[in-house]
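This report goes through one model, region by region. The sequence and coordinates come first, followed by the computed contacts, accessibilities and distances.

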Protein chains: 2
Amino acid sequence: MLTIGKLGAQAGVKVPTIRYYEQIGLLPEAERSAGKQRLYNRKALERLAFIRHARDLGFTLEAIRDLLSLSDKPDQSCAAADAIAKAQLREVESRILRLTALKAELERMVLQCAGGCIADCRVIEVLGDHSLCATDHHHHGHGEARQGQDAP
Amino acid sequence: MLTIGKLGAQAGVKVPTIRYYEQIGLLPEAERSAGKQRLYNRKALERLAFIRHARDLGFTLEAIRDLLSLSDKPDQSCAAADAIAKAQLREVESRILRLTALKAELERMVLQCAGGCIADCRVIEVLGDHSLCATDHHHHGHGEARQGQDAP
DNA sequence: CCTTGAAGCTATAGTTGCTAGAGACATTAA
DNA sequence: TTAATGTCTCTAGCAACTATAGCTTCAAGG
């Protein structure tokens, strides 16, 4: 049996995040010790590692909730899981496209900045006037994969 | 003089977002009509367009705050503006790298899914076991450029 | 057996960048 | 004049956590 700290260390998830996952029902309520501390078994560790890994791949908690409930029914078709993964793939691809356009625009801005004074700065100028842009960086996706978390 | 609705339409920013920008001090307090409605002039429109454009390029509101205060001092060196833009460029580049790794992993998952039942599903399996991964998708950036907003 | 320090507990509030709703007032077109 | 918009303030909500405060529990050393 693992305490919440050990579990977090093994899965690479911070302790408050584990409690948060329990709170929103992504993890079941943990067993408790005599002194009301949470205790976890191997299955809980696997579930948490699954969540962590899916988060790393950019799945939302909602998508993960769906994937988890699918993985609890091993006899059904995996079409739904496949669809979720494909949607995620499309999402990632469209973000890459958009970011690539942004990158081009930023490079142009930075290259053209001669290092003079603000009045002549291309960065400020380009930001102030969209018509100076080469590319169409105008449509957007929905938030990146993770916030900055990293194993403690 | 523009009402807030016209201003938003011209700049491509929703009305509540404009009020929000004013609230957090990114836009100055607007003049008011006799009936206390906000009124804007050309300068306000330019400032808002600047913000909108910078948001489109993925700058945070904090970075934009800095850029705006720089652009108010046209005689100073543009080194600071240049640094902000370069930091943003590095940020975007690192997000692209990370997303590209994710994309490869997702493609592998999806390709290997034979479409059988959950018990054999590669998607579920790979998510459950990081050692099945080809790539190191383990370090992350800090949030994508925009939430889903788009001109009203 | 007792103490100390780390780890755990709950509960609440903060983060970013907005968006949505309620209920009241202003403006404009028919 | 009346109806339909538009605008006002205020509050609360979204994702996905993170941070803080003030407590209790646990494991190890003396």
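## Glu31(B) and its surroundings

Leaving aside residues up to four places away in sequence, Glu31(B) touches Met1(B), Gln37(B), Arg38(B) and Leu39(B), where contact means heavy atoms within 4.5 Å. Glu31(B) belongs to strand S2 of chain B. Helices (H or I, at least four residues) and strands (E, at least two) are DSSP runs, numbered from the N terminus. With a relative accessible area of 45%, Glu31(B) is partly exposed; buried means under 20% relative accessible area, exposed over 50%, and partly exposed in between (1.4 Å probe, protein chains only). Asn41(B) is 10 residues from Glu31(B) along the chain, and their C-alpha atoms are separated by 9.2 Å.

## Basis of the values

The model is predicted: local features need pLDDT of at least 70 and side-chain atom pairs count only at pLDDT 80 or more, while totals for chains, interfaces and linings use all residues. Residues are numbered from 1 along each chain as its sequence is written, chains are lettered from A and ligands numbered from 1 in the order in which they are written, and side-chain values use heavy atoms, with hydrogens and water left out.

## The sheet of chain B

Strand S2 is part of an open sheet of 3 strands in chain B, with the order S1-S3-S2 and antiparallel pairing. Its edge strands are S1 (2–3) and S2 (31–32), each of which pairs on one side only. Two strands count as paired if DSSP finds at least two bridges between them. Strands of a sheet pair through backbone hydrogen bonds, either parallel or antiparallel.

Between S1(B) and strand S3 (residues 38–40) of chain B there are 2 bridges, and the two strands run antiparallel. Within S3(B), Tyr40(B) is the bridge partner of Leu2(B).

## Chain A overall

Chain A has 6 helices and 3 strands. Along the sequence they follow the pattern β-α-α-β-β-α-α-α-α. Of the 152 residues in chain A, 45% are buried. Taking contacts in chain A between residues at least 6 apart in sequence, 54% join residues at least 24 apart.

## Helix H4 of chain B

Which residues of helix H4 (residues 61–71) of chain B are buried? They are Leu61(B), Ala63(B), Ile64(B), Leu67(B), Leu68(B) and Leu70(B). The cover over the buried residues of H4(B) includes helix H6 (122–128) of chain A, as well as helix H2 (15–23), helix H3 (42–56) and H5 of chain B.

## Salt bridges

How many salt bridges does the structure hold over all chains? There are 18, each defined as a side-chain nitrogen of Lys or Arg within 4 Å of a carboxyl oxygen of Asp or Glu. In one of them, the side chains of Glu62(A) and Arg65(A) meet at 3.0 Å, N to O. Both residues lie in helix H4 (residues 61–71) of chain A, 3 residues apart, about one turn of the helix. Glu62(A) is partly exposed at 48% relative accessibility, and Arg65(A) is partly exposed at 30%.

Another salt bridge links Glu107(A) to Lys103(A), with the closest N and O atoms 3.8 Å apart. These two residues are in helix H5 (residues 79–112) of chain A, 4 residues apart, about one turn of the helix. Glu107(A) is partly exposed at 29%, as is Lys103(A) at 25%. In chain B, Arg95(B) pairs with Glu91(B) in a salt bridge whose closest N and O atoms are 3.6 Å apart. Arg95(B) and Glu91(B) are separated by about one helical turn because they are 4 residues apart in helix H5 (residues 79–112) of chain B. Arg95(B) counts as buried at 4% relative accessibility, whereas Glu91(B) is partly exposed at 24%.

## Surface near DNA strand D

DNA strand D is surrounded by 20 residues, the closest being Tyr21(A), Arg55(A), Thr3(B), Arg19(B) and Arg38(B). Near means that a heavy atom of the residue lies within 4 Å of the strand. Of the atoms of DNA strand D that come within 4 Å of the protein, 86% belong to sugar and phosphate.

A phosphate oxygen of DNA strand D lies 2.9 Å from a polar side-chain atom of Tyr21(A). H2(A) gives the most, with 3 residues. By class, the surface has 4 nonpolar, 10 polar and 6 charged residues; Ala, Val, Leu, Ile, Met, Phe, Trp, Tyr, Cys and Pro count as nonpolar, Asp, Glu, Lys and Arg as charged, and the others, Gly among them, as polar.

Methods. A polar contact is a pair of N or O atoms within 3.5 Å; within protein, one must be able to donate a hydrogen and the other to accept it, and residues adjacent in sequence count only if both atoms are side-chain atoms.
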